[in-house]
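Subject: A structure for you to look through

Dear colleague,

I am handing over the structure below, and after it you will find my notes on what was found. Please read them with the model open beside you.

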Amino acid sequence: TFLAPLSENEILGRQLRSIYNIAGFYVISGDADANQSTKDGLAKVTAELLSRVLTDGAIVSVTGGSTMASLSDYLKPAVKDLLFVPARGGLGESNHFQANSIASALGEATGGMHRLLHAPDYLSKSTLESLMHEPDVKEIIQLNQQSDFVIHGIGEPFTMASRRHSPEGEVEILKRNKAVTEAFGFYFDEHGNVVHRIKTVGIQMEDLAQKKQVFAVAGGTSKQEAIETYLKIAPKNTVLITDEAVGEYLMKNR
Ligand code: BG6
């Protein structure tokens with residue numbers, strides 16, 4: 001799908017899009033770490049881009065996080081029968097940042113539907129195996145595999161490990177293997193090798209390539225390296241929505 005550029009930092013976005021060879025690249029003004037308004041701006045542009053491609057009955061997988069949290073403030077009921085599915089389980093943090101809350105707010109904002117996933121994002125092997133047979137959980141797994149679009153955040157790995165209350169042994173693995181980026185519970189080193197993946201019923205990296213479009217939404221100085229590295233492994237159908245703090249860093253380091 002071709003997405004026409006939005007006017008803000010259009011040239012920078014176009015240049016980065018061709019350097020990284022992904023479906024779209026949008027850079028909004030500011031630094032999301034410094035200003036909540038920039039963070040909200042990322043959500044606003046994402047909502048705008050998403051509404052250009054949504055069609056009746058589309059299924060959209062959404063992760064959680066603070067960047068995703070205000071998406072529902074900007075998405076309008078333009079098409080019918082949308083279904084929003086949490087792409088991740090729960091994290092022990094604010095309800096507002098949970099994939100479940102975001103999926104339900106998006107369903108409400110668009111006059112569509114949503115599903116809920118009643119499981120923590122981080123599971124032990126035995127719990128994962130038994131949960132996968134629960135009908136409600138099975139449905140979510142299938143919907144995430146079938147979904148047309150994915151919207152997700154990108155994180156700094158040690159921040160995400162602490163938000164997930166990951167055990168010390170796991171943090172050690174991340175340190176030893178020099179993790180620099182994280183997305184959907186997958187942790188990567190600077191070369192884009194997976195150094196660790198959490199056991200989860202949530203969406204898998206392998207599911208992304210067949211989606212119509214994947215929206216990766218992240219910005220802020222603290223995520224510069226994480227985003228730079230994620231771009232090495234992002235599937236080609238990815239549209240990145242970021243801010244100047246990241247866009248200018250990427251341009252300097254290219
Ligand atoms: C989550 C994603 O939704 O958002 C994570 O599953 C990502 O992969 C995180 O790292 C980023 O959160 P935030 O709060 O920095 O937007």
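In this predicted model, Y26 stands opposite I241 in β10, and another pair is formed by I28, whose bridge partner in β10 is D243.

Residues are numbered from 1 along each chain as its sequence is written. Because the model is predicted, local features need pLDDT of at least 70 and side-chain atom pairs count only at pLDDT 80 or more, while totals for chains, interfaces and linings use all residues, and side-chain values use heavy atoms, with hydrogens and water left out.

Which strands make up the open sheet with parallel pairing? There are seven, in the order β1-β10-β9-β5-β2-β3-β4. At the edges stand β1 and β4 (113-114), each with a single partner strand, so one side of each has no neighbour in the sheet. Helix α2 (residues 36-53) lies across β1, β5 (149-152), β9 (213-217) and β10, and runs at about 155° to β10; such axes are lines fitted to C-alpha atoms, for helices over the stretch in contact, and angles run from 0 to 180 degrees between N-to-C directions.

An open sheet of three strands, with antiparallel pairing, has the order β6-β7-β8. Its edge strands are β6 (179-183) and β8 (194-197), each of which pairs on one side only, and the twist averages 25° from one strand to the next. Strand β7 (residues 186-189) pairs with β8 over three bridges in the antiparallel sense, and V194 in β8 is the bridge partner of F188. Helix α8 (residues 168-176) packs on this sheet, touching β6, β7 and β8 (contact means heavy atoms within 4.5 Å), and its direction makes about 165° with that of β8.

Helix α9 (residues 224-233) lies across β6 and β7, running at about 70° to β6. Seven of the ten residues of α9 are buried, so the helix is largely enclosed by the rest of the structure; among the buried ones are A226, T229 and Y230.

How do α9 and α10 cross, and at roughly what angle? Their axes come within 9 Å and cross at roughly 60°. That makes α9 oblique to α10, given that angles under 35 degrees count as roughly parallel, over 145 as roughly antiparallel, 65 to 115 as roughly perpendicular and the rest as oblique. The contact is made by Q224, E225, I227, E228 and L231 of α9 together with A245, V246, Y249 and L250 of α10.

Helix α10 (residues 244-252) also packs with helix α1 (residues 10-20), at an angle of about 55° and with the axes 11 Å apart. That makes α1 oblique to α10. On the side of α1 the contact is made by L12, Q15, L16, I19 and Y20, and on the side of α10 by G247, E248, L250 and M251.

Lastly, L91 lies in the loop between β3 (83-86) and α4 (99-110). Is L91 buried or exposed? L91 is buried, because its relative accessible area is 15%. Leaving aside neighbours within four places in sequence, L91 is in contact with Q98, D121, M160, R163 and R164. L91 and D73 are 18 residues apart in sequence, and 22 Å apart in space from C-alpha to C-alpha.

With best wishes

Terms used: Two strands pair if DSSP finds at least two bridges between them. Helices (H or I, at least four residues) and strands (E, at least two) are DSSP runs, numbered from the N terminus. Buried means under 20% relative accessible area, exposed over 50%, partly exposed in between (1.4 Å probe, protein chains only).
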